[in-house]
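Thanks for coming. I will walk through one structure this morning, piece by piece, and I will keep to what can be read from the model.

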Amino acid sequence: MNKTDRMLAIVLELQRKKMIRAEDLAAVFETSVRTIYRDIQALSEAGVPVVGAPGLGYSLMEGYFLPPISFTVEEAVTLLIGTDFIEQKFDNDYGMKAQSSRSKIEAILPERVRSEAARVRKAIRLLKPGEDVSNEREKAYIESIRQAILMEQKVEFGYSKRMPGTDGNRQSVRSAAPYGLVLKQGSWTLIARCDLRQEIRHFRLSRMTELTVLEDRYKIPSDFHLHDYKPPDDRNVRVCIQANPDIADKIKESNNFYMEEAEENENGLHVSFRVRQPEELLQWVLGWGADVVVLEPESFRNTVRAEAEKMLKRY
């Protein structure tokens, strides 16, 4: 990074972090503290109001903003595609903000960059999901949960578990303190402390019904950070299957959440999974019909066989 680019980046860092030490700037830009001192001096001489506070660091004088900066074609395309993604995947409020942001970005781009960015975007397409009620419901839930997190209010909802409980029931009503939303493999999941279980649990928005925001308040623990959070892995059961060669590619492309290894051999594709309960794979295995054979555990082979016999009796 040359001096000019580094000085611009320093101003952007000061605008973003409000106060930052020379040592931290040196670490960010991989240079010496003495070089940062010289850059700060050069910025001051150029009229940028940088204020130094002994022992605290540097900041910009309140009210100072960097004038609009130029974007390269690649940067402009990145921002515009980002607005497309937000419009599709987030709630309607953020979708409207994405539209207005896109208009503003396009308005400030020079004609050459705007024209080139438009050409590149024509070669890139984000497919929208089909117009269905469940998708719109999820978007509404995202907005409600987002507001609940900001206001630190609990939420309540009906929930359909993937597997039935000991009583054979899959339905329950939960109240929880929402900690954050995670988008994984195209599906939104709420990370929250469940009042029923008294621990952090994960809830797929697609399995929720009648979500409401409660008046009950809560506080997110100071030691919880969503971006650092890693859920405990309690998938301790190994399941192995053998798939016919003709569907090996389809099996790989299915991107099953529980899949860990897939290795081709003379008989087809050998795939291993780690699950909490083998039954979590039952519908997936049955969906491939006779092209998939369960190798282990034996108890799961028997479960699949029993289910296939039930299906046979219906035909």
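This is a predicted model: local features need pLDDT of at least 70, side-chain atom pairs count only at pLDDT 80 or more; totals for chains, interfaces and linings use all residues.

Five strands form an open sheet in the order β6-β5-β4-β3-β7, and the pairing is antiparallel. The edges are β6, residues 199-204, and β7, residues 208-217, each of which pairs on one side only. On average, neighbouring strands here are turned by 45° against each other, direction ignored.

Look at one pair in that sheet. Strand β5, residues 187-194, is joined to β6 by six bridges in the antiparallel sense. Within this pair, I191 stands opposite H202 of β6. C194 has 0% relative accessibility, so it counts as buried, the cut-off being under 20%.

Now the other open sheet on my list. It has four strands, in the order β9-β10-β8-β11, and again the pairing is antiparallel. Its edge strands are β9, at 259-265, and β11, at 292-296; each pairs on one side only.

Strand β8, residues 237-243, pairs with β11 through four antiparallel bridges. C240 has E296 as its bridge partner in β11. C240 has a relative accessibility of 1%, and therefore it also counts as buried. Across β8 and β11 lies helix α10, residues 298-313, which runs at about 150° to β11.

Next, the helices. Helix α3 covers residues 33-45, which is 13 residues, and reaches 19 Å from its first C-alpha to its last, close to the 18 Å expected at 1.5 Å a residue. Which residues of α3 are buried? They are T35, I36, D39, I40, A42 and L43. Viewed down the axis of α3, these buried residues fall within an arc of 160°, so they line one face of the helix. The face turned away from them carries R34 and E45, which are exposed.

What do the buried residues of α3 pack against? Their partners are α1 (3-17), α2 (22-29), β1 (50-53) and β2 (57-60). After α3 comes G47, with a positive phi near 100°.

The strands run antiparallel and are joined by four bridges. A53 stands opposite G57 in β2.

A general point before the next detail: in a regular strand, side chains alternate between the two faces of the sheet. In β2, both faces are covered, with G57 and S59 buried on one side and Y58 and L60 buried on the other.

The last element is helix α5, residues 92-108. Its 17 residues should span 24 Å at 1.5 Å a residue, and its end C-alpha atoms are 25 Å apart, which agrees. G95, A98, R102 and I105 are its buried residues. They cover an arc of only 85° around the axis, which means they sit on the same side of α5. On the other side, M96, K104, A107 and I108 are exposed. The cover over the buried residues of α5 includes α4 (73-89) and α6 (111-122).

That is all I have for today.

Key: Residues are numbered from 1 along each chain as its sequence is written. Side-chain values use heavy atoms; hydrogens and water are left out. Buried means under 20% relative accessible area, exposed over 50%, partly exposed in between (1.4 Å probe, protein chains only). Helices (H or I, at least four residues) and strands (E, at least two) are DSSP runs, numbered from the N terminus. The expected span of a helix is 1.5 Å times one less than its number of residues. The arc is that of the directions from the helix axis to the C-beta atoms. Contact means heavy atoms within 4.5 Å. Two strands pair if DSSP finds at least two bridges between them. Axes are lines fitted to C-alpha atoms, for helices over the stretch in contact, and angles run from 0 to 180 degrees between N-to-C directions.
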